[in-house]
Amino acid sequence: MKQQLKKQAVSIIAASMILSGGAVYAESTQAVVTSAQVISTEASEHSFRVIANDQNIATAGFMNKDKHIMVPLREISEALGFNVTWHQDKQSAEVSLVNSPIWTMVTTDVDQYAYNKMNVQLGAKPTKIAGKLYVPATFFSEIMRGQVVTEGNQVNVSFQNEDVKMITAQGVITSVNDDEKYKSIQVNGTGVEGTILNIDEETIIRNRAGEQVDFSALSLGMSIEVKHSLAMTMSLPGQTYAYEITIVEAADDANMLGTSGAIEEVRQDDEGNLSIVVKGMGMSDVSPEQVVLRIDSETTIVDVEGNLIDSDQLTKDAKVLAYYGPMLTKSLPPIGHAWKIVYLGS
């Protein structure tokens, strides 16, 4: 079932490589929550009536000691059109939607919910009471991509199965994570910048000739085109699932080094040779945080969309992704030749 679910992406976010965070809107006694903690604004009792897509749910919700509203998983999920499969051996419930990428696994007493290839915490553990599994109401907004409205002692949960969409974007690889259980690449930034693309055995990776290749073909400095889900985590950087990756431009050397940061200084010698000093964060364990890079006719200078730009854009304080090496001098800072500079802006 998972294989079918991954083939499409739900349109829940404006087209962007990095989404903005969710918000809470409150007026009077009503709170509409799209991606934040659900807390009743005027709950005088601990019992909550639950309505899902205009259907009354027989089992009531309750507020736990940490002020999270807990609601019955199966009854609400099925009322919204989801399938629920209970795994007795793992004390887990698998929740999915046919012909949709929406899928998650909920485990009793574990605050960990699968979302878009990542594990997300909601601040409340699923609780099993009298044979029923309860989850925080935020589960249906944060994980299942519905809407939760709490008014007084009533919780309304709704879900509309929208047309699924993907976005196609350009990027330059800034890190590669080739863990045995979890593979991903980061593009267009390091640290909290850019986007992390989660990759599994179903992600299609093609080289410039259109031939399908393995994950091992991806390396630092590559320019890629990616089709990815619009569903993205609210973490920094945002993380999403990559359906298809096409290598647009490969690095000259598989051992390419890289530094993400700002230009500290622009130098030009008497013969007109240009070099820049870049300081920031190394893109690999062996990449320096500060490096002097020679710029010449062999250096490719582009923006994040891959458009060629002039070296005049490389000014002091400009933010760049600098790729070079792997041969560097032993000086401090080391000196090398820039293979590609990606201009991110001033």
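I am reading a predicted model, in which local features need pLDDT of at least 70, side-chain atom pairs count only at pLDDT 80 or more, and totals for chains, interfaces and linings use all residues. Residues are numbered from 1 along each chain as its sequence is written, and side-chain values use heavy atoms, with hydrogens and water left out.

I then followed β15 (residues 166–178), which pairs with β16 in the antiparallel sense over five bridges; strands pair if DSSP finds at least two bridges between them, and a strand is a DSSP run of E with at least two residues, a helix one of H or I with at least four, numbered from the N terminus. Four residues lie between β15 and β16 in this hairpin.

On β17 (residues 195–199), I found five antiparallel bridges to β16, with Asn198 as the partner of Ser184. Of the five residues of β16 (residues 183–187), four are buried, meaning under 20% relative accessible area with a 1.4 Å probe and protein chains only, while over 50% is exposed and in between is partly exposed.

Next I looked up aromatic pairs, in which ring centres of Phe, Tyr or Trp (its six-membered ring) lie within 6.5 Å, with planes under 30 degrees apart stacked, over 60 edge-to-face and the rest tilted; there are six. Tyr113 and Phe139 make a tilted one, at 5.8 Å and 50 degrees. Tyr113 is in strand β9 and Phe139 in helix α3, so the pair ties together parts 26 residues apart in sequence.
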